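Subject: Handover of a structure and findings

Dear colleague,

Please find below the structure that I am handing over to you. My findings follow it, arranged by topic.

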Amino acid sequence: MVAHLLGLKLLLLRNSFRRSPWQLVGVIIGGLYGLGLIIALVAALVYVATLDTADILLYLVLAVSAITLGWALIPLVAFGVDLTLDPARFTTFTISRPKLAAGLLLSGFIGIPGLLTLLLLGSQFLAWRFDAAALAAAVVCGVLAALMCLALARLTTTSMTRLTGSRRFRDVAGIIAIVPLILLGPIIGTVSGGFESALGWLPRLADVLAWTPLGVFAAVPGDLAAGAPLLGLLRFVLGLAYLGVVVWAWERSLHKAMETPIAPSASTKAVGMGLFNFFPATPTGAVAARALTYWLKDPRYAASIVIVPLLPVVLWFASSNSGSGSLMLGLGPFLAILLAFSISADVSYDSTAFSLHVLTGVSGVADRAGRVIACGMFALPVTLLAAILPPLFLGRPELLPAMIGLSVGALLSGFGVASVSSARFTYAVPLPGDSPFKTPPGAGARMAVVQLCTFGIMFVLLVPALGLTVAQLVTGQAIYGWLALPVGIVLGVVLLILGIRLGGRWLESRMPELMQAVMVNK
């Protein structure tokens with residue numbers, strides 16, 4: 001049965017590549033990148049072998065502990081749960097719980113992350129190649145450490161699935177979880193700034209981690225190389241116990257999740273017409289009301305809004321490191337492009353609800369305009385504030401016209417580009433009600449290419465206003481800033497109208513294809 005589950009995982013992966021060539025391209029690119037990284041790390045292991053035993057032990061325990069901790073935490077906020085073999089699909093089959101758990105656990109190695117982790121942790125023996133006993137132990141312990149990574153990842157994701165059964169909890173937790181990801185740069189900068197003062201604590205930290213599930217297997221070869229076989233045996237037995245407990249706990253939580261699946265939360269009673277009361281009774285108004293409702297209640301859209309208060313923090317931190325506050329001047333254009341880009345996946349986020357637009361015969365222009373109006377109701381005030389406040393705080397009020405023209409132009413032209421992009425391209429996104437961080441099958445290279453091209457076109461369309469703004473910064477002549485104001489706004493309005501019309505025309509001609517695409521993504 002375990003072999004059958006592994007074969008099923010391989011078959012599903014092969015079929016997904018046949019269905020989506022872009023996914024195959026993404027896997028190849030990701031595999032080459034990961035392989036290059038593994039080669040670099042293996043080369044580091046070869047070099048580490050020339051150090052003292054204590055230093056090798058220190059570095060390996062810290063590195064393996066970091067990798068294991070990453071496997072336990074990162075899937076919760078970045079990659080989501082791997083649904084290629086969804087345990088819920090096996091509920092009606094009479095498969096013994098131990099065999100199902102073993103098959104699902106080992107299937108984690110069938111994929112780029114699991115395979116590369118196995119290669120990396122299994123290559124620890126290179127660091128102990130001058131000691132035969134330590135080398136043999138490193139091979140075995142490397143495989144067990146990789147199993148520990150997968151087991152902890154399964155345990156945390158399954159446990160969090162049970163914990164996050166409440167829709168309100170999922171929404172709030174999802175928004176909070178994205179905050180440290182956006183602030184990762186400042187966090188790393190702050191931590192690295194105090195790294196030298198923490199070097200004295202690293203040996204003590206490694207001693208503690210060597211007795212935990214994170215680093216216990218990495219410490220066993222070092223004990224043998226240091227002439228302490230009994231200590232190594234003790235750690236090895238303790239590591240096996242840790243692994244058994246983690247697998248047992250995951251198996252129990254998996255069994256519980258399959259026996260008593262999470263019941264969908266009771267729907268709240270609708271009161272009145274909501275936002276539909278505040279928009280005109282026209283197709284454009286109806287689309288705008290529905291889209292704005294999503295912006296206010298759908299956590300997938302809220303994940304796009306959370307960057308609004310965090311982007312100034314990132315730019316301020318980058319400006320303080322560079323010794324100049326000039327990067328803060330880019331807050332308005334950057335924020336405008338990000339907010340405009342957020343509607344480029346509207347059709348994909350609609351999922352089967354897009355059938356409302358198909359069956360009711362909403363015109364393409366009304367659909368495009370309604371979505372722009374919904375996002376623009378909060379995006380335009382935010383963009384204006386982001387364009388006005390940095391020049392005032394930096395004591396550069398003469399830059400206000402250029403910043404306003406550049407930022408508003410970026411927002412309007414970005415809306416035009418997104419209106420065309422979402423009418424032409426769809427890609428797999430989390431389904432309604434899912435976590436914004438869940439990775440659906442089929443997402444990958446296609447999404448990356450579409451997003452990269454959309455961003456690139458948005459930046460290219462800013463060249464006229466951006467050129468005038470740069471000219472003012474270089475020459476100090478205010479006339480360039482006053483020219484950037486009308487150029488940015490007028491060009492943005494023209495591109496917005498063209499984008500809505502062209503996107504509307506494409507939408508009307510491709511509604512069946514778009515409906516089929518969102519059904520496939522489902």
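A residue counts as buried when its relative accessible area is under 20%, as exposed when that area is over 50%, and as partly exposed in between. R396 is therefore partly exposed, since its relative accessibility is 31%. R396 and E398 form a salt bridge, in which the closest N and O atoms are 2.7 Å apart. Please bear in mind throughout that this is a predicted model.

Salt bridges

Side chains of opposite charge can pair when their charged atoms come close. The structure contains seven salt bridges. One of them joins R371 to D346, with 3.5 Å between the closest N and O atoms. This pair links distant parts of the chain: R371 belongs to helix α19 (residues 364-393) and D346 to helix α17 (residues 346-350), and the two residues are 25 residues apart. R371 and D346 are both buried.

R371 also meets D367 in a salt bridge, at 2.9 Å from N to O. R371 and D367 are four residues apart in helix α19, so about one helical turn separates them. D367 is buried, as is R371.

Returning to R396 and E398, their salt bridge has an N to O distance of 2.7 Å between the closest atoms. Elsewhere, salt bridges with shared partners join R290, D346, D350, D367, R368 and R371 into one network.

Packing of α19 against α20

Helix α19 packs with helix α20 (residues 400-424) at an angle of about 155°, and their axes are 9 Å apart. Because angles over 145 degrees count as roughly antiparallel, α19 and α20 are roughly antiparallel to each other. The crossing of α19 past α20 is right-handed. On the α19 side, the residues making the contact include R368, V372, C375 and G376, and on the α20 side they include L400, M403, I404 and S407. Sorted by class, this contact between α19 and α20 comprises 17 nonpolar, five polar and one charged residues.

Surroundings of P229

P229 is located in helix α12 (residues 229-259). Leaving aside residues up to four places away in sequence, P229 touches D223 and L224. P229 and A134 are 95 residues apart in sequence, and the distance between them in space is 9.9 Å, C-alpha to C-alpha.

With kind regards

Definitions and conventions
Residues are numbered from 1 along each chain as its sequence is written. This is a predicted model: local features need pLDDT of at least 70, side-chain atom pairs count only at pLDDT 80 or more; totals for chains, interfaces and linings use all residues. Side-chain values use heavy atoms; hydrogens and water are left out. A salt bridge is a side-chain nitrogen of Lys or Arg within 4 Å of a carboxyl oxygen of Asp or Glu. Buried means under 20% relative accessible area, exposed over 50%, partly exposed in between (1.4 Å probe, protein chains only). Contact means heavy atoms within 4.5 Å. Axes are lines fitted to C-alpha atoms, for helices over the stretch in contact, and angles run from 0 to 180 degrees between N-to-C directions. Angles under 35 degrees count as roughly parallel, over 145 as roughly antiparallel, 65 to 115 as roughly perpendicular and the rest as oblique. A crossing is left-handed if the near helix is turned anticlockwise from the far one by less than a right angle, and right-handed if clockwise. Ala, Val, Leu, Ile, Met, Phe, Trp, Tyr, Cys and Pro count as nonpolar, Asp, Glu, Lys and Arg as charged, and the others, Gly among them, as polar.
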